Amino acid sequence: MGQKITIDPVTRIEGHGKVTIYIDNEGNVTESRFHIVEFRGFERFVQGRPYWEAPVLVQRLCGICPVSHHLAAAKATDVIVGAGYGDGLTPTGEKMRRLMHYGQIFQSHSLHFFHLASPDLLFGINADPIKRNIIGVALENKELAYQGIMMRKFGQEIIRATAGKKIHGTGAIPGGINKHLEKEDKEMFLNHPEINVNKMIEWAQGALEFFHDYHKKHKEIIDEFVSFPSNYLSLVRKDGALDLYHGVLRAVDHEGNKILADVDYHEYYKYIEEEVRSWSYMKFPFIKKLGKEKGWYTVGPLARMNTIDFIDTPLAQKEFEKFKSYNNGKPSNKPMHQHWARLIEILHCAEKIKELLNDPDLTKGELITRGNKEYEGVGLIEAPRGTLFHHYKINEDDLIEKANLIVSTTNNNQPMNEAVAQVAKKIMNGQQKITEGMMNAVEVAIRAYDPCLSCATHALGHMPLEIELINSENILIDYIKK
Amino acid sequence: MSSNPYILVYGYGNPGRQDDAIGLILTEKIDKWSRDNNLPIYCEYNYQLNIEDSYKLKNFEIVIFIDSTISNKIPIYNFIKVKSSSEYDFSSHIIKPQYLLYLSENIFNHKIEAYIMEVRGYKWEFMQSPTKKAIKNIKLAESFLKKFLKEKIN
């Protein structure tokens, strides 16, 4: 006998991921939904606070990606203090922020690939969960596991050296930065015997070799596991290069045709709207001119590889050319290629970090720019998971009146639902029970997007993933929780 | 702090979410006490645990992780000895102490004596100050921890 569905209070806990799969009388999947409970208090939290507090306050949203929020808020408040629209900082100000940002992406991507994705790739979707983790990786390939941890550490040290400290990092301030890079830190990053930037470049290349080798042997997982057409959105530099810190807004369709042709992101609201759906606590952004049904888009590493024209660091550019050639010059519509794209970005960030460490502007020069005050500021940045939007309006007393935030995972809400839907249809059609293998497959699909499930507090419990199977009479017939 | 600390006290949480700051506040108190008395204790703070913390563990013999808890099964605090475990969540946002111990043992070949101190919290809104009840619990936990650490050092 089935059970009636009740909405358990646990589903209101942030950081919770739940998948609901609906089946018809023949056991075919008719619909699936990926629910994410996103914490929605941020916009109210900052209201009434002085705008200059925003870059520090916003870090409290997330323990894994505070730097992205820190920099997006700083870019928005740059506009407010009259420091320009993204390219008006001093050379030292911009380069220190870029170093911080590349460190952030480097460590975040390394964490994801080595800690989360590589077990899936090394052992396959149906492997025993006991083995399918970094310990399993360590036993099969100890060097890979070690590198993953040390790459994370390197990126975190870059953040410490630029943001000032691990908690409440205050490096980026409205109009610039509040410190230079210490010479001791520069020396350490360049010449430390165990973890230095050259080693990071070498390991990033090694990770790509590992991936290429794996890809050759497992095309069915990387190319065929999940595939669907999507639009893609990201910032690109004005000349079309990959630029994770600043640029213009570009969107392309699944064939590579431009939908948004390098528009000014300060007016993002002219091009992007957010839809609310009754069954989810998270909004669904879409490109206005395409409408709700067709206007959803993907952001993140794969989107960036699909929108850009080239990469301005030589080793990553070679890898990008391989990526483009493999996909016949068109966008890749295979979500598992996120892993490939992520590795190209790890390499790019390592190359950029090396360039910046050798730049004298980081150890001397003016830190801050100021100009004529404005009462509204927008800051966009390419966070590890995709395009991040921060938008603030202030009043005459310099207090934040209104704030709007679109985080990367929100942008990827529909793509994640598409991926889960495809996996559900592939694996669960005709089934009446959810197996561990099905749970794993759904996890793999979601994990490709590396969602940030609003980790602003972890004390509410660990982050479960739940799958529920519901029949045509709306009765819960199976449930599994991990 | 003594020149050769061999005990790591690691508090973690979000200082902007009321009682989520418990781990950090308690660690700060232990830090001050340790410095004032020149004890072989090193204190670390972070939003949450990270996989590279497994590398840090290799420099210590004992680690105490301090965190807040929402569990109503814990009226004030809970202090337990823990072992390593390979269990992990599907997101990169949660790393458990037991998992760090497992990484430390298997990648860095370092086994460490480990404990978790969980202190009961009550509210998690976006505010700086913890609740009054949480502050009382922190005081009691602090008293226990200082006694425990003194015994370990002597």
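Start with chain A: of its 482 residues, 64% count as buried. The model is predicted. Chain A exposes about 17400 Å², with 49% of that supplied by carbon and sulfur atoms. Now think about contacts in chain A between residues at least 6 apart in sequence. Of these, 70% join residues at least 24 apart.

**Stop 1**

Select Arg250(A) and Asp262(A). Their side chains meet in a salt bridge, at 2.7 Å from N to O. Is Arg250(A) buried or exposed? Arg250(A) is buried, because its relative accessible area is 2% and the cut-off for buried is under 20%. Asp262(A) is partly exposed, at 25% relative accessibility.

**Stop 2: a second pair in chain A**

Move to Lys270(A) and Glu267(A). These side chains also form a salt bridge, 3.1 Å from N to O. Check the cover on each partner. Lys270(A) counts as partly exposed at 45% relative accessibility. Glu267(A) counts as partly exposed too, at 29%.

**Stop 3: a pair within one helix of chain B**

Go to chain B and show Arg35(B) with Asp31(B). Here the salt bridge spans 3.0 Å, N to O. Which helix holds the two residues? Both are in helix H1 (residues 22-36) of chain B. They are 4 residues apart, so about one helical turn separates them. Asp31(B) counts as buried, with 11% relative accessibility.

Return to chain A for a set of linked pairs. Select Arg237(A), Asp239(A), Asp312(A), Lys352(A) and Glu355(A). Salt bridges with shared partners join these residues into one network. Over all chains, the structure holds 29 salt bridges.

**Stop 4: a positive patch on chain B**

Show the surface of chain B and pick Lys123(B), Lys132(B), Lys133(B) and Lys136(B). They gather in a surface patch of positive charge. Zoom in on Lys136(B). Lys136(B) belongs to helix H4 (residues 132-153) of chain B. Lys136(B) counts as exposed because its relative accessibility is 56%, and the cut-off for exposed is over 50%.

**Stop 5**

Select Thr409(A) in helix H14 (residues 408-411) of chain A. Thr409(A) is buried, with a relative accessible area of 4%. How far apart are Thr409(A) and Thr387(A) in space? The distance between Thr409(A) and Thr387(A) is 9.0 Å, and they are 22 residues apart in sequence.

**Stop 6: positive phi in two loops**

Finish with backbone angles. Select Asn474(A), which has a positive phi of about 65° although it is not a glycine. Asn474(A) lies in the loop between strand S15 (465-470) and strand S16 (475-481) of chain A. Asn474(A) counts as partly exposed, at 48% relative accessibility.

Then jump to Asn38(B). Its phi is near 50°, a positive value in a residue other than glycine. Where is Asn38(B)? Asn38(B) is in the loop between H1 and strand S2 (41-46) of chain B.

Key
Residues numbered from 1 in each chain as written. Chains lettered and ligands numbered in written order. Predicted model: local features only at pLDDT ≥ 70, side-chain atom pairs only at ≥ 80, totals over all residues. Heavy atoms only, no water. Patch = residues over 30% accessible without salt bridge, like charges linked within 9 Å, V, L, I, M, F, W, Y side chains within 5 Å. Areas by Shrake-Rupley, 256 points an atom, 1.4 Å probe, with all protein chains shown as cover. Salt bridge = Lys/Arg side-chain N within 4 Å of Asp/Glu carboxyl O. Lys, Arg positive; Asp, Glu negative; His and termini not counted. Charge placed at Lys NZ, Arg CZ, Asp CG, Glu CD. Buried < 20%, exposed > 50% of the residue type's maximum accessible area, 1.4 Å probe, protein only. Contact = heavy atoms within 4.5 Å.
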